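Please work through each task before reading its solution.

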Number of protein chains: 2
Amino acid sequence: MQEMNDFTFQNTTDLRFGRNLIEDQLRDVITGFGNKVLFVYGGGSIKRSGLYDQVMRLLAGMDVIELAGVEPNPKIESVRAGQELAKQHDIDVILAIGGGSVIDAAKVIGSAKFYDGDPWDLVEDSAKRQTIGQVPLVDILTLSATGTEMNKGSVISNMAENKKLGTMGPNTPAVSFLDPANTLTVSKWQTAAGSIDIFSHLTEQYFDRAYTPVTDNMIEGLMRTVIANAPIALAHPDDYNARGALMFTSTTALNGLVSSGNENGWTVHPIEHELSAYYDITHGVGLGILTPRWMKQVLDETSQAKFAKLARNVWDIHEDDDMLAAKQAIQATYDWVKSLDVPTVLQDVNIPDNSNFQAMAESAVAVGNLDKVAYKKLTPADVVELFEASMTTEGFE
Amino acid sequence: MQEMNDFTFQNTTDLRFGRNLIEDQLRDVITGFGNKVLFVYGGGSIKRSGLYDQVMRLLAGMDVIELAGVEPNPKIESVRAGQELAKQHDIDVILAIGGGSVIDAAKVIGSAKFYDGDPWDLVEDSAKRQTIGQVPLVDILTLSATGTEMNKGSVISNMAENKKLGTMGPNTPAVSFLDPANTLTVSKWQTAAGSIDIFSHLTEQYFDRAYTPVTDNMIEGLMRTVIANAPIALAHPDDYNARGALMFTSTTALNGLVSSGNENGWTVHPIEHELSAYYDITHGVGLGILTPRWMKQVLDETSQAKFAKLARNVWDIHEDDDMLAAKQAIQATYDWVKSLDVPTVLQDVNIPDNSNFQAMAESAVAVGNLDKVAYKKLTPADVVELFEASMTTEGFE
């Protein structure tokens, strides 16, 4: 019998969940860290929603420096711009308002303030970040997806090098404001993509070779929550509860708790990062295309019991035969993704042919160590096969 | 539609789960807080197991003051003794090795060092504790049950006043070492009682009138874990994985996460505390007797849907009618408790008659505000009825 692995878990982020808590709390939280604030955000949505005006009113009289325009799949150029502002103004605290992209960029800027070289060095080598300090981060989440609001990770893209890499800082955000009302205007496309991202985080952590009797069952509960609430949020964008369920699930799914004792690296994320790096597609949509095919690829006699557990506890499939139950769970996963009204083949996200498959596969295997630490070890040829399978609905429809 | 409640969540405890991590980590952890250590423990079990000798070796050369003999249902006298030692030696850190009783007492001692009055004042009035400081606590858990290793709570008994009260400090433990191997020698009685305690924490938080779409599903997963692993640990006391599953579940069940957004007070715990206060019975055994009867008492048309959800997602009961499913879930709960080989009626824990029922009921309602904030509001007469129902197996066998 395989023994539970040793692990450590600590996550100090202060979550503030609910309606408009910033009105009474934001200024106190920010001033707790200092007076010079780097305010990082993305496009104009927070101006349209009134959130920008509210925050500027709440921080009136403080020294607020703005870094606007952080893009989806945040680019290293934004981090460089933030580094310059952070150094120039000797900022005390970063306030990030946005989704995963904005918060991810803000985390690396928080490290880059204390680094004199190009911040891409910090992305490529997380170890460098562990001792150089990090500006405290306060965030107001506006998109439920990546879980960045309660973890140490960021994913930064370098389009010049066709690279999209994960990097870990020393700290999680100090304070995260989770107000579902801030996500009521998220588009259907982004809602679907975010929900698939949450689901993918859970599958990446669920399919692990370690024996994890506690977190398996917690993950199943979180999966059921996202599966049930994503369609509600799509059908009723202003449903506060569905938005809230997705928001709290995104946070809980990737704050380190449910991977306690795991031993595998992730698979689908590093593969998807290649798609985004080469074609700048929406991360969650790429995950939705890849995940059911990946499940088929890794289903075998050694994994069927775990897939069958997924079938019974998450998809309510009452089928005694493990392999049959497993296959039904994979089909259910595909059907759920499709029901969210997103593309289900690569051609529909403007990846017209296989011309980059070999290069992307080699990079995914190298970056993700997929041939060494994946749930089922994959070679570049396996990943090419996965990409090829992602160009057809055969076997699913 | 009821809206999700606002909540805050932050828990900074540093968990170290695994085999013998103290050997390499304990001294560094302790010295991080100082050199003067109050070492709190219970009976002789840590001397028989070798843990005492190991810790004294690891802390060799440091200033270690011992407080031994903290009893089950820890008494205020132990806290007073700890207060005196803490003040006299101006301790920097408390090391508590034991189960909930030892750690609970250590937490209040950590506050009492900074208080000049009788520490019972602090138990009766948690608000007093919030600003007076608390000595950092490091613990090594030896019994999976109360979750005290990752929360701010303690329960302290004052036999002279027939009182057993909960009190909250400002901080969770700084570092908790969770080594399942330290629980392999826990008796069947304590293993059963601890598992029932975990299950009760989960039911107290599950049956809440708030709309909690995320934590409901997480709790169901944790319930499945304790239900599955308690019998394994009873049948095979040296099963590291079953012990580990119970340990991590006990911690996760009561660290604040799965009550996020809840609005009710607890019911069964304050009622059981009266039994322990009057008769000094084992807490978890009392909960096991009370819980199925309480479930029957609160099952009605307004609660049947939640009980039916419990039936389907936790007890694998496939029954379409909510009320029938609910009743089967309650029976399953009773059967599970009984399968753990503990008493199922009050007479079998030496509560021979109803002579104290009225007094205990009145106190439970007053202490737990059961007539105001319980899941289903209870009067003293209701609690007397619950006690009476706990003297018969009628309706369950």
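**Exercise 1.** Determine whether Asp280(B) is buried, partly exposed or exposed in this predicted model.

*Solution.* The relative accessible area of Asp280(B) is 41%. Buried requires a value under 20% and exposed a value over 50%. Asp280(B) is therefore partly exposed.

**Exercise 2.** Identify the salt-bridge partner of Asp280(B) and explain which parts of the chain the pair ties together.

*Solution.* Step 1: the side chain of Asp280(B) meets that of Lys75(B), with 3.9 Å from N to O. This distance is within the 4 Å cut-off. Step 2: Asp280(B) lies in the loop between α11 and α12 of chain B, and Lys75(B) in the loop between β3 and α4, so the pair ties together parts that are 205 residues apart in sequence. Step 3: Lys75(B) is buried, at a relative accessible area of 10%.

**Exercise 3.** Describe the salt bridge between Asp90(B) and Lys113(B).

*Solution.* Step 1: the closest N and O atoms of the two residues are 2.7 Å apart. Step 2: Asp90(B) belongs to the loop between α4 and β4, while Lys113(B) belongs to the loop between α5 and α6 of chain B; they are 23 residues apart. Step 3: Asp90(B) is partly exposed at 41% relative accessibility, whereas Lys113(B) is buried at 12%.

**Exercise 4.** State where Glu397(B) and Lys338(B) lie and how accessible each residue is.

*Solution.* Step 1: Glu397(B) is in the segment after α16 of chain B, and Lys338(B) is in helix α14. Step 2: Glu397(B) is exposed, at 57%, and Lys338(B) is partly exposed, at 40%. Step 3: their side chains form a salt bridge of 2.9 Å, N to O.

Definitions and conventions. Residues numbered from 1 in each chain as written. Chains lettered and ligands numbered in written order. Predicted model: local features only at pLDDT ≥ 70, side-chain atom pairs only at ≥ 80, totals over all residues. Heavy atoms only, no water. Helix = DSSP H or I, 4+ residues; strand = E, 2+ residues; numbered from the N terminus. Buried < 20%, exposed > 50% of the residue type's maximum accessible area, 1.4 Å probe, protein only.
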